[in-house]
Amino acid sequence: MQDSAAIRRAARILQAGGLVAFPTETVYGLGADASNARAVRRIFEAKHRPADHPVIVHLRDADEVAQWAREIPPAAELLMQRFWPGPLTLILKRAPGVLDEVTGGQDTVGLRVPSHPIAQQLLRAFAGAIAAPSANRFGRISPTTAAHVQEELGDTVDMVLDGGACTVGIESTIIDLSAGTPRLLRPGGIARAELEALLHATVDLADDGSPRASGTLVAHYAPTARVLLVEPDQLEGAVRQHAADNGLAVLARRPLPSGIAVPIWRRAADDARSYAHDLYATLHELDRSGCTLLIVEAPPPGPEWEAVRDRLQRAATGSGRAQSSGAAAADAP
Ligand code: TXA
Ligand code: MG
């Protein structure tokens, strides 16, 4: 945990145009002053992220939204009131003056008020808005501990604030309210059903396939190991088929069946919330173990599993690529 001197130092680094990685309730963010174009460009360099991918602007509270968005529809007011601070990002029409570096040149801006106490303290000490994507290389697994950030970006950030393990464990839900009908750009920490209940409307998943939200690219959140996502009734067959592979690891919601030996069998949580909380930490750990093939038992079909299912599908699609070879960005679609 961090003392107030560390928070003040982090705020000074942001004011000077530096990069600070900080905890949020979802995942760790790689933060820069959202009003400083040079500082925001440094985020993209550190992540090897294509410049046309917008970053989320983190705000202290909902009162600051008017400085960043030129239109705040009634649905946005409702959502902010109910879910902020918390793991929900709103896409709104951007206010004049919001940097192209932040929006990826689009007419919209992504805004979120994080609830993590260190994120809140940092926003208050800095007294500005913090542009921050997840603190990982583009296309890779998001960090849920300070150690994950150190490992992957330790050399390129000016400071990492340590707030322990993130409580939600996967990224915020992103809802686009900039074009009339609300659309879900990314399932995440807040279930779609909760948004729909509040708005009294269905919220459809955006399916235009455009890369406006990089987390929506088909291949993303990927470990180095090849990931096979298999339905529960096929798990045992798949495991038996690969059991002789020394690099095999299995992530399943049940214990190791008797009569099979595998190098690593990780028992995953039965409820969606705990599963999400552990997911990236488990993937980081399995990657570090040197496993080369990860068989994952597909999660159940219930709506509370939507975000976990989404991340596992993208991990399976984007997995097995060379790690930390500066080529990561070129490898990603
Ligand atoms: O939980 C989170 O959202 C974490 C923490 C650090 O806040 N942040 C995060 O940022 O996941 P990032 O950049 O890894 O993912 C944010 C997503 C990206 O896919 C980005 O393209 C999308 O939000 N996004 C940001 N602004 C947008 C906009 N104006 N229109 C559409 N998508 C946007
Ligand atoms: Mg990300």
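Where does P85 lie in this structure? P85 sits in the loop that connects helix 4 to strand 4, where helices (H or I, at least four residues) and strands (E, at least two) are DSSP runs, numbered from the N terminus. The model is predicted, with local features needing pLDDT of at least 70, side-chain atom pairs counted only at pLDDT 80 or more, and totals for chains, interfaces and linings using all residues. Residues are numbered from 1 along each chain as its sequence is written, chains are lettered from A and ligands numbered from 1 in the order in which they are written, and side-chain values use heavy atoms, with hydrogens and water left out.

The peptide bond joining W84 and P85 is cis, with omega at about -5 degrees. Two loop residues have a positive phi without being glycine. H48, in the loop between helix 2 and strand 3 (56-58), has phi near 55 degrees. A127, in the loop between helix 6 (117-126) and strand 6, has phi near 60 degrees. Their surroundings can be described by relative accessible area, for which buried means under 20%, exposed over 50% and partly exposed in between (1.4 Å probe, protein chains only). H48 is partly exposed at 28%, whereas A127 is exposed at 58%.

Ten strands form an open sheet in the order 7-1-2-6-3-5-4-8-9-10, and the pairing is mixed. Strand 7 (159-160) and strand 10 (204-205) are at its edges; each has a single partner strand, so one side of each has no neighbour in the sheet. Here, two strands pair if DSSP finds at least two bridges between them. Strand 2 (residues 29-33) and strand 6 (residues 130-131) run antiparallel and are joined by two bridges; A32 has A131 as its bridge partner in strand 6.

Helix 4 (residues 74-83) lies across strand 4 (88-93) and strand 8 (173-176), at about 155 degrees to strand 4. For these angles, axes are lines fitted to C-alpha atoms, for helices over the stretch in contact, and values run from 0 to 180 degrees between N-to-C directions; contact means heavy atoms within 4.5 Å.

Helix 10 (residues 272-288) has 17 residues and spans 24 Å from first C-alpha to last, close to the 24 Å expected, which is 1.5 Å times one less than its number of residues. A bend of about 40 degrees occurs at L279, taken as the angle between axes fitted to the seven residues ending there and the seven starting there. Buried residues of helix 10 include A272, Y275, L279 and L283. The helix's buried residues pack against helix 7 (146-153), strand 12, strand 13, strand 14 (293-297) and helix 11 (306-318).

H284 belongs to helix 10 and is buried at 8% relative accessibility. Leaving aside residues up to four places away in sequence, H284 touches I141, S142, P143 and H148. The side chains of H284 and H148 make a polar contact at 3.4 Å; such a contact is a pair of N or O atoms within 3.5 Å, and within protein one must be able to donate a hydrogen and the other to accept it, while residues adjacent in sequence count only if both atoms are side-chain atoms. After helix 10 comes G290, with a positive phi near 85 degrees.
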